[in-house]
Amino acid sequence: MAAVAVAAVLLTGAGIAASFVVKSPAQAAAEAEPPPQDVLTAPVENRVLKDSVIIRGTVVAGQSVDVAPSGASGEGTTGAVVTKAPKAVGTEVKAGQVLAEISGRPVFALKGRVPVYRDLKPGSTGDDVTQLQSALAALGHGTGSDARGTFGAGTKSALTAFYASIGYNPVSAQAEGTATVQDAQDAVTAAERAWQDAEDARQDASNEETQKAVDRAAQDLERARTRLTEAQVAAGPMLPASEVVYLSGFPARVDSVNAVLGSAPTGKVMTVSAGKLAVDGYLQESQKGLVRVGQKVEILSETTGVKVTASVRSVADTMAAGQQQTTADPAQGGGAADSGNAGAESQGYLVVVEPDKALPSNTVGQDVRLTVEAASTKGRALVVPVTAITAGSDGKTVVTVLEAGDRQRRVEVTTGTTGDGYVEVRPAAGAELAEGDKVVTGVNSGTGGGK
């Protein structure tokens with residue numbers, strides 16, 4: 001009896017197992033059929049819709065200057081040596097500060113925009129002289145009664161005082177300036193004596209010959225005095241083009257250093273930037289029409305976490321292909337080459353973004369993300385996914401609302417702003433569409449999942 005009971009249990013278990021394995025042909029065919037199609041829906045939202053264009057950009061300065069070695073007063077660069085270490089990267093530079101020393105001569109920064117193209121010597125005139133006078137006056141070295149734009153005695157005194165304040169002697173405008181003035185003074189003294197001798201001779205024996213001698217001595221004396229005046233005007237300190245870098249604003253920043261103490265630089269010694277920081281980016285053809293001057297921008301530095309609001313300052317009309325772009329100030333110092341804030345070689349339409357508040361100086365050269373608000377609805381609006389919009393055979397634009405009982409209702413709409421995969425919709429007159437309504441976005445033909 002026990003054996004019979006065990007056998008019965010085993011047979012029963014086998015039958016149950018077989019019921020799970022063995023299927024009738026009808027059941028197998030039914031299970032092979034695809035599940036019923038499921039309608040995909042999304043809720044109608046009521047919110048502000050923004051369309052954004054996201055690109056990469058590089059933080060650049062308004063002006064960037066490469067400080068390069070050059071001989072003082074037109075001398076060659078052969079044998080140039082860095083005799084005072086340049087300021088470190090990231091250092092803020094004030095007007096009048098020495099940036100570096102090359103072969104014992106300083107290279108300093110002054111405020112100005114007129115490019116340096118010549119040495120300035122006593123007697124020089126022009127806008128660059130006016131710029132020098134203004135820069136010296138701003139540092140407390142007034143130019144006295146000198147006319148604006150004329151390098152006179154007051155400017156000489158101011159320049160001499162400035163050089164003394166930074167611990168250097170100015171370069172003489174003439175190789176032997178002091179001797180030249182002294183020679184001219186000696187010539188005047190000799191001419192005065194000759195005239196006095198001729199005058200004494202005329203008084204002792206007044207005749208045509210003695211009078212002629214007096215007249216000639218007087219003419220020689222006048223010429224000697226003129227030469228002395230010219231020598232005195234030309235003598236004195238000069239400003240070599242190699243010793244000054246003009247920057248548009250202060251404080252400026254040291255962006256890079258390419259030389260060390262004792263080295264013989266063959267290229268630029270350092271790069272200094274000034275002016276308000278901006279960001280250069282590039283738009284592709286498909287983005288060009290979406291970005292316009294004045295649009296709002298968010299600048300995000302992933303490196304530092306800095307986030308700043310900004311606006312589009314300019315958008316190029318032509319595409320730049322494989323060439324350096326710049327927003328640099330045209331001003332640059334003599335003895336320096338303007339690097340032009342060159343960003344990486346890029347292809348696209350250059351867009352310049354201006355921050356609403358100053359970016360930190362340590363962001364110069366950083367790669368940042370620019371999010372341009374290309375379009376936005378005027379306040380809150382009904383929005384649906386773009387995939388919910390369909391066009392009927394009658395040419396009308398509609399969305400399909402899924403109601404209770406899986407009933408569908410077509411609603412005619414007018415579309416507006418698009419962005420981030422959504423589109424603004426406005427129901428036609430008499431049509432009903434509200435926040436929370438479920439609109440059909442498609443059909444999921446193989447999941448049988450929920451809505």
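## Ser273 and its surroundings

In this predicted model, the side chain of Ser273 makes a polar contact with the side chain of Asp255, at 2.7 Å. Ser273 belongs to strand S13, residues 270-274. Its relative accessibility is 0%, so Ser273 counts as buried.

Beyond its neighbours within four places in sequence, Ser273 is in contact with Ala61, Gln63, Ser64, Ala252, Arg253 and Asp255.

## Salt bridges around Arg56

The model holds 15 salt bridges. One of them joins the side chains of Glu302 and Arg56, at 3.0 Å from N to O. Glu302 sits in the loop between strand S15 (296-300) and strand S16 (307-315), while Arg56 is in strand S3, residues 50-60. These two residues are 246 residues apart, and the pair links distant parts of the chain. Glu302 is partly exposed, with a relative accessible area of 44%. Arg56 is also partly exposed, at 39%.

Asp367 forms a salt bridge with Arg56 too, at 2.6 Å from N to O. Asp367 lies in strand S20 (residues 367-376) and Arg56 in strand S3, so this pair ties together parts that are 311 residues apart in sequence. Asp367 has a relative accessibility of 40% and counts as partly exposed. Arg56, Glu302 and Asp367 are linked in a network of salt bridges.

## The Glu354 and Lys276 bridge

Glu354 and Lys276 form a salt bridge, with the closest N and O atoms 3.6 Å apart. Glu354 is in strand S19, residues 346-355. Lys276 is in the loop between S13 and strand S14 (278-283). The pair links distant parts of the chain, 78 residues apart. Both ends are partly exposed: Glu354 at 26% relative accessibility, Lys276 at 44%.

## Aromatic cluster

There are three aromatic pairs. In one, the ring centres of Phe108 and Tyr163 are 5.7 Å apart and the planes meet at 85°, so the pair is edge-to-face. Phe108 lies in strand S8 (residues 105-111) and Tyr163 in helix H4 (residues 153-165), so the pair ties together parts that are 55 residues apart in sequence. Phe108 is buried, at 0% relative accessible area. Tyr163 is buried as well, also at 0%.

Phe162 and Tyr163 form another edge-to-face pair, 5.9 Å centre to centre with 65° between the planes. Phe162 is buried, with a relative accessible area of 2%. Phe108, Phe162 and Tyr163 form one aromatic cluster.

## Charges over rings

Arg47 lies over the face of Tyr422, at 4.8 Å from the ring centre. The charged end of Lys288 sits over the ring of Tyr349, 5.3 Å from its centre.

Strand S23 (residues 397-402) and strand S24 (residues 408-419) run antiparallel and are joined by five bridges. Val399 stands opposite Val411 in S24. The hairpin of S23 and S24 has five residues between the strands. There, Gly405 takes a positive phi near 75°.

S24 also pairs with strand S25 (residues 422-427), in the antiparallel sense and over five bridges. Thr415 has Val425 of S25 as its bridge partner. The hairpin of S24 and S25 has two residues between the strands, and Asp420 takes a positive phi near 55° in it.

Terms used
Residues are numbered from 1 along each chain as its sequence is written. This is a predicted model: local features need pLDDT of at least 70, side-chain atom pairs count only at pLDDT 80 or more; totals for chains, interfaces and linings use all residues. Side-chain values use heavy atoms; hydrogens and water are left out. Rings of Phe, Tyr and Trp (its six-membered ring) pair if their centres lie within 6.5 Å; planes under 30 degrees apart count as stacked, over 60 as edge-to-face and the rest as tilted. Helices (H or I, at least four residues) and strands (E, at least two) are DSSP runs, numbered from the N terminus. Buried means under 20% relative accessible area, exposed over 50%, partly exposed in between (1.4 Å probe, protein chains only). A charge sits over a ring if NZ of Lys or CZ of Arg is within 6 Å of the ring centre and within 35 degrees of the ring normal. Two strands pair if DSSP finds at least two bridges between them. A polar contact is a pair of N or O atoms within 3.5 Å; within protein, one must be able to donate a hydrogen and the other to accept it, and residues adjacent in sequence count only if both atoms are side-chain atoms. Contact means heavy atoms within 4.5 Å. A salt bridge is a side-chain nitrogen of Lys or Arg within 4 Å of a carboxyl oxygen of Asp or Glu.
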